[in-house]
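Subject: Structure handover

Hello,

Here is the structure for you to look over. My notes on what turned up follow below it.

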Amino acid sequence: MPKLITSAYYEKRLELFKQKHSDLRNSYLKTITLLEANPQHPSLRLHKLKGKLVPFYSVSIDMKYRILFDFMIRDDQIILIDIGDHALYGG
């Protein structure tokens with residue numbers, strides 16, 4: 001099971017996200033739990049990003065919001081980088 005690591009930027013964005021979208025708390029927790037247990041779970045809609053974000057991946061919280069992250073396969077870590085609207089990164 002991979003270990004989830006958060007960046008300082010992610011922590012700040014998460015606090016803003018929680019304040020703005022308290023109604024998505026359960027969806028967020030479900031997404032994080034699934035990501036840690038099985039990053040390939042179909043309901044996460046895991047996909048590699050393109051363009052300037054090509055080294056990163058994304059999973060969906062719902063149809064509008066997602067979590068941006070990087071896999072560190074060697075160390076079995078997932079580094080959470082950002083959280084926000086799908087349109088934020090052009091996807």
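A salt bridge here is a side-chain nitrogen of Lys or Arg within 4 Å of a carboxyl oxygen of Asp or Glu. By that rule, the side chains of Lys-64 and Asp-85 form one, with an N to O distance of 3.9 Å. The pair links distant parts of the chain. Lys-64 sits in the loop between strand E3 (57–60) and strand E4 (65–72), and Asp-85 is in strand E5, 21 residues apart. Lys-64 is partly exposed, at 44% relative accessibility. Asp-85 is partly exposed too, with a relative accessible area of 26%. Please keep in mind that this is a predicted model.

**Salt bridges**

The whole structure holds 2 salt bridges. One of them joins Arg-13 and Asp-82, with the closest N and O atoms 2.7 Å apart. Arg-13 is partly exposed at 22% relative accessibility. Asp-82 is buried at 2%. In general, side chains of opposite charge can pair when their charged atoms come close.

**Helix H1**

Helix H1 covers residues 8–20. At 1.5 Å a residue, its 13 residues should span 18 Å. Its end C-alpha atoms are 19 Å apart, which agrees. Which residues of H1 are buried? They include Tyr-10, Leu-14 and Phe-17. Seen down the axis of H1, the buried residues fall within an arc of 65°, so they line one face of the helix. An α-helix has 3.6 residues a turn, so residues three or four places apart point the same way. On the other side of H1, Ala-8, Lys-12, Leu-16, Gln-19 and Lys-20 are exposed.

**Aromatic pairs**

There are 2 aromatic pairs. The ring centres of Phe-17 and Tyr-65 are 5.4 Å apart, with planes at 75°, so this pair is edge-to-face. Planes over 60 degrees apart count as such. Phe-17 is in helix H1 and Tyr-65 in strand E4, 48 residues apart. Both are buried: Phe-17 has a relative accessible area of 7%, and Tyr-65 is at 10%.

The rings of Tyr-57 and Phe-69 have centres 6.1 Å apart and planes at 20°, so they are stacked. Tyr-57 lies in strand E3 and Phe-69 in strand E4, so the pair ties together parts 12 residues apart in sequence. Tyr-57 is partly exposed at 21% relative accessibility. Phe-69 is buried, with a relative accessible area of 0%.

**Core**

The largest nonpolar core has 19 residues. Tyr-10, Tyr-28, Leu-35, Ile-67, Leu-80 and Ile-83 touch the most other members. H1, H2, E4 and E5 each supply at least two residues of this core. In soluble globular proteins, nonpolar side chains tend to be buried together.

What does Ile-83 contact, leaving aside neighbours within four places in sequence? The residues are Tyr-10, Arg-13, Leu-14, Phe-17, Tyr-28, Ile-61, Arg-66 and Ile-67.

**Thr-31**

Thr-31 is in helix H2 (residues 25–37). Thr-31 counts as buried, at 4% relative accessibility. Not counting residues up to four places away in sequence, Thr-31 touches Leu-44, Val-59, Ser-60, Ile-61 and Ile-67.

Best wishes

Terms used
Residues are numbered from 1 along each chain as its sequence is written. This is a predicted model: local features need pLDDT of at least 70, side-chain atom pairs count only at pLDDT 80 or more; totals for chains, interfaces and linings use all residues. Side-chain values use heavy atoms; hydrogens and water are left out. Helices (H or I, at least four residues) and strands (E, at least two) are DSSP runs, numbered from the N terminus. Buried means under 20% relative accessible area, exposed over 50%, partly exposed in between (1.4 Å probe, protein chains only). Contact means heavy atoms within 4.5 Å. The expected span of a helix is 1.5 Å times one less than its number of residues. The arc is that of the directions from the helix axis to the C-beta atoms. A nonpolar core is a set of buried Ala, Val, Leu, Ile, Met, Phe, Trp, Tyr and Cys residues joined through side-chain atoms within 4.5 Å. Rings of Phe, Tyr and Trp (its six-membered ring) pair if their centres lie within 6.5 Å; planes under 30 degrees apart count as stacked, over 60 as edge-to-face and the rest as tilted.
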